[in-house]
Amino acid sequence: METTEIRTLVIALTGLFLLLGLFVLFFFSVYKKNQNKKEKQIDSLNKELLQTQLEIQEQTLKTISQEIHDNIGQVLSLAKLNLNTIDLSKQTELEEKITDSKNLVSKAIQDLRDLSKSLNTDNIAAMGLLRALEYELDMIRKTGFKTVLDVSGEMVKMEPQKELIIFRIVQETLNNIIKHALAKNINITAAYSADKLELRVQDDGQGVDLTPLNERREDNFGQGIRNMHNRATMIGADFSMSSVLGKGTTVKLIIPYINLYKNGKESSAGR
């Protein structure tokens, strides 16, 4: 082989190795960039989960305070009144009032047990999303609203972190209805299909002007809704809201079962 040919071969091999090295560097750079992006997503999700847990705990404490004041306190007051008005000379009335007092105290104890279940967010994971929503609606029903939870399809249990964020979005929606909607009825529908859960929260209240949201105004209303939207995005869900003045509001969540952010990998929920 001539010297020129050897030189040409060496140059070609050197160029090939350089191209191969550049390709490896480019691949590593892209891989590292994707890893950093996933790590940021995971970190952001973890922060969101912590914030969600704190907000749920805060809302739970408010609910407990109101429940103790409005319901348990009233029940115990009635039991005390019954006992204070007992006339030992009236045997029939005595037995009736003692029985009524025992029933009232039993009700208060049961209500306290129910409240104890909501003291920390771990119970949401233990109960599961549907049971947590049922419990939330039970609490709301005691304040005078008519509530319905309608479930269709085969229930799919998702990751606890995911269900926690879904619950917080629904809880915040329910709080907005209670405070602002002037509604009488609240309906939640949960439709499970092969690859996703579709949740709807509907009320028959006065409706709401969505202009601040559509115009992205930085007021409390628009920011609150966008916070829910951001939370939905964190778990790969689609959030939307529609309203007709005088006819009520609907909040819709479409949640795929695949969680893109758990441990930086795709993972599927188990049935």
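Begin by selecting Leu129, Ala132, Leu133, Glu136, Leu137 and Ile140 in helix α4, which meet Glu163, Ile166, Phe167, Val170, Gln171, Leu174 and Ile178 in helix α5, where contact means heavy atoms within 4.5 Å. The residues of this contact divide into 10 nonpolar, 1 polar and 2 charged, with Ala, Val, Leu, Ile, Met, Phe, Trp, Tyr, Cys and Pro counted as nonpolar, Asp, Glu, Lys and Arg as charged, and the others, Gly among them, as polar.

The model is predicted, so local features need pLDDT of at least 70 and side-chain atom pairs count only at pLDDT 80 or more, while totals for chains, interfaces and linings use all residues. Residues are numbered from 1 along each chain as its sequence is written, and side-chain values use heavy atoms, leaving out hydrogens and water.

Next, show α4 (residues 129-141) and α5 (residues 160-181) whole: their axes lie 10 Å apart, at an angle of about 20°. Axes are lines fitted to C-alpha atoms, for helices over the stretch in contact, and angles run from 0 to 180 degrees between N-to-C directions. The two helices are therefore roughly parallel to each other (angles under 35 degrees).

Helices (H or I, at least four residues) and strands (E, at least two) are DSSP runs, numbered from the N terminus. Now select the open sheet, in which 5 strands follow the order β1-β2-β3-β5-β4 with mixed pairing, two strands being paired if DSSP finds at least two bridges between them.

Finally, select β4 (residues 238-244) and β5 (residues 248-256), which pair in the antiparallel sense over 7 bridges. In their hairpin, Gly246 takes a positive phi near 85°.

Notes:
Parallel < 35°, antiparallel > 145°, perpendicular 65-115°, else oblique.
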